[in-house]
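This briefing sets out the computed geometry of the structure shown below. Points are grouped by topic.

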Amino acid sequence: MIDVDIGQQLGDFRLDVKFSAEAPIVGLFGRSGSGKTSVVNAIAGIGTPERGSIRINKEVLYDAAERIDLPPNERRVGYVFQDSLLFPHMDVESNLRYGQRLRSPEDRFIDEARIVDLLGLEALLHRKPRALSGGERQRVAIGRALLAQPRILLMDEPLASLDVPRKMEILAYIERLRDELRIPIVYVSHSVAEIARLADTVVVLSDGKCIASGAVDEVMGQFDFNPAAGWHDSGTVLDSRVAIQSVEDQLTTLAFDGGELVVPHLDAAVGERVRARISARDVSLALTKPADISILNVLPAEVVAIDEASGPAVDLQLAVGASMLVARITRRSLRQLGIRPGFKVHALVKAVAFDERSVGYV
Amino acid sequence: MHALSPEEVAILALSLRVAVVSVICSLPIAILVAYGLARLSFPGKTLVDAIVHLPLVLPPVVVGFALLVLLGKRGPIGSLLDEWFGIVFAFRWTGAALASAVMGFPLMVRAIRLSIEAIDRRLETAARTLGGSRLWVFASITLPLALPGIITGTLLSFARGLGEFGATITFVSNIPGETQTLPLAIYTFTQVPGGDPQAVRLSIVAVVLSIVALAASEWLTRRSTSGHRDDRR
């Protein structure tokens, strides 16, 4: 359980954030400059807020009223930075052991051999940080933070400096950690896809304020999430299960509460839970069920609400069975089709619109 | 060239002792001052910075004279040191070491400060989040990463100490066997009729000494950085 309620003036920027979250992975989402890093820094004890309190599992790390402010080395908060910040004068093994040696044996619950195995570090142990690739460095940084035996792991845009294949690799490692170590993770990102794939609970920051928080699939379907997500990035997350694996076409059919969705092949067993993020701009609408089209996913839906923001496009919130979808169409289409809340429509989703990053395993 | 005479060996030994002692005693202070100037902000930081650099811009004779006034037997600090601890600098080799240390101090602080400033602060922050106290992080991260600067600063100060003349002769005079270091001895020989060959011999010793010190520091610097500057294993 993470309780954060802090206020801090940073130059012209005012940070006033309050949220509570309990989940294996809490996503801290917002555009750059929204205050995400300031929040994780405050949790780690880097830079002191002016007011408020920070608690992890009821343990007070900071409380302005009580005059409690634990120094970073006593907080037992693991921190994985954007650029791994490995110590250049030590080899990988010494980097991994840096924090471990500073904890008394009775506080050690994460085992070195296990971390080395889990993160695939065996072959790197005697190399220097300079001789590692970006992805390898980040894996070592994660291992180093975990071996310091933290109560919670903060990850501040850990994939930001990596190319797409490395991103996939690290995402898979983070999922393994979540499943095997049961250590709560606060994952900071400005990428909706990463948050949708990893986080269970999301806290959305904008201009130093928390504008939404809650379960990922709920928050990501809300309209007021969109300004923070940016014009291109609104969408929803569907909680689903693998229903059919079609080897022949290399397609996977996902079943969710409200229908089925065909996506490019996923490496998952039938019945496995999967989270699929559907970007609003990948959803089109038709008033009648279209025939003779290439789009595989045609879902009957009902228009619940229309977001009347300015600009050429509007977002429509759709109910598909018990699930929610957001469609982004032009204002002109909305007018020509005469769509109003309550209309029955068909939502069209291109199967190839899914990318690997937005479909994750739960 | 013949081998060095006993007198020459004594001069050389005294010079080395003065320079080594001055470097060893000033190094810990220089590291602290350099760290303070590089990493901390405190009132009067500019003033401290200026005072540290003063010996670099003042005539050495002025520095020596200031030491004599303050730390001489009847000086305000010198008399107290003598009374309380029995420490006397005036006209002793320890005074020569002090003069060398003061003159070499700005060079030492500058080199160390620059190398501390070049260290990514966030490495220290990362070490703190891993459980390191301020002191431990300083010892395990800052100090080893600043090692090239520490070596360079030590060498510069050592070389400055070997060559120190003005402050030394003003503060502790030119006493053979006590305060007569290499430069003072060379100067003395040049003032004596027929002393030139002696002066030349000692000058060659000084040149050799400097080259050896330079080579040693180069070797040390390379060794200390081979870990993180060289990708080959």
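**Hairpin E13–E14 of chain A**

Strands E13(A) and E14(A) form a hairpin with two residues between them, and Gly258(A) in the turn has a positive phi of about 135°. Helices (H or I, at least four residues) and strands (E, at least two) are DSSP runs, numbered from the N terminus. The model is predicted: local features need pLDDT of at least 70 and side-chain atom pairs count only at pLDDT 80 or more, whereas totals for chains, interfaces and linings use all residues. Residues are numbered from 1 along each chain as its sequence is written, while chains are lettered from A and ligands numbered from 1 in the order in which they are written.

**Strand pairing in chain A**

- Strand E13 (residues 251–256) and strand E14 (residues 259–264) of chain A run antiparallel and are joined by six bridges; two strands pair if DSSP finds at least two bridges between them.
- Leu251(A) stands opposite Pro264(A) in E14(A).
- Five strands of chain A make up an open sheet in the order E16-E20-E17-E18-E19, with antiparallel pairing.
- Strand E16 (283–286) and strand E19 (323–330) of chain A are at the edges with a single partner strand each, so one side of each has no neighbour in the sheet.
- From one strand to the next, the twist averages 45° (axes are lines fitted to C-alpha atoms, for helices over the stretch in contact, and angles run from 0 to 180 degrees between N-to-C directions).
- Within this sheet, strand E17 (residues 297–307) and strand E18 (residues 313–320) of chain A run antiparallel and share five bridges.
- Asp307(A) has Asp315(A) in E18(A) as its bridge partner.

**Overall form of chain A**

- Chain A contains ten helices and 21 strands.
- Its radius of gyration, taken over C-alpha atoms, is 22 Å, close to the 21 Å that the globule rule gives for 362 residues, so chain A is as compact as a globular protein of that length; the rule is 2.2 Å times the number of residues to the power 0.38.
- The C-alpha trace of chain A spans about 65 × 50 × 30 Å along its principal axes.
- Of the 362 residues of chain A, 45% count as buried (20 or more other C-beta atoms within 10 Å of the residue's own; exposed means 12 or fewer, and partly exposed lies in between, with C-beta atoms placed from the backbone).
- The domain assignment, automatic or from a database, gives domain 1 (2–219) and domain 2 (235–361) of chain A.
- The centres of domain 1 and domain 2 of chain A, taken over C-alpha atoms, are separated by 32 Å.

- Gln149(A), in the loop between helix H5 (134–147) and strand E8 (152–156) of chain A, has a positive phi near 55°.
- Gln149(A) counts as buried, with 20 C-beta neighbours inside 10 Å.
- Asp207(A), in the loop between strand E10 (201–206) and strand E11 (209–215) of chain A, has a positive phi of about 50°.
- Asp207(A) counts as partly exposed, with 15 C-beta neighbours inside 10 Å.

**Chain B and the interface**

- Contact involves 21 residues of chain A and 18 residues of chain B (C-beta atoms, placed from the backbone, within 7 Å).
- Helix H2 (72–75), strand E7 (77–80) and helix H3 (92–100) of chain A each supply at least two residues of the side that touches chain B.
- One of the ten residues of helix H4 (residues 76–85) of chain B is buried, so this helix lies largely in the open.

Note on methods
Two residues are in contact if their C-beta atoms, placed from the backbone, lie within 7 Å.
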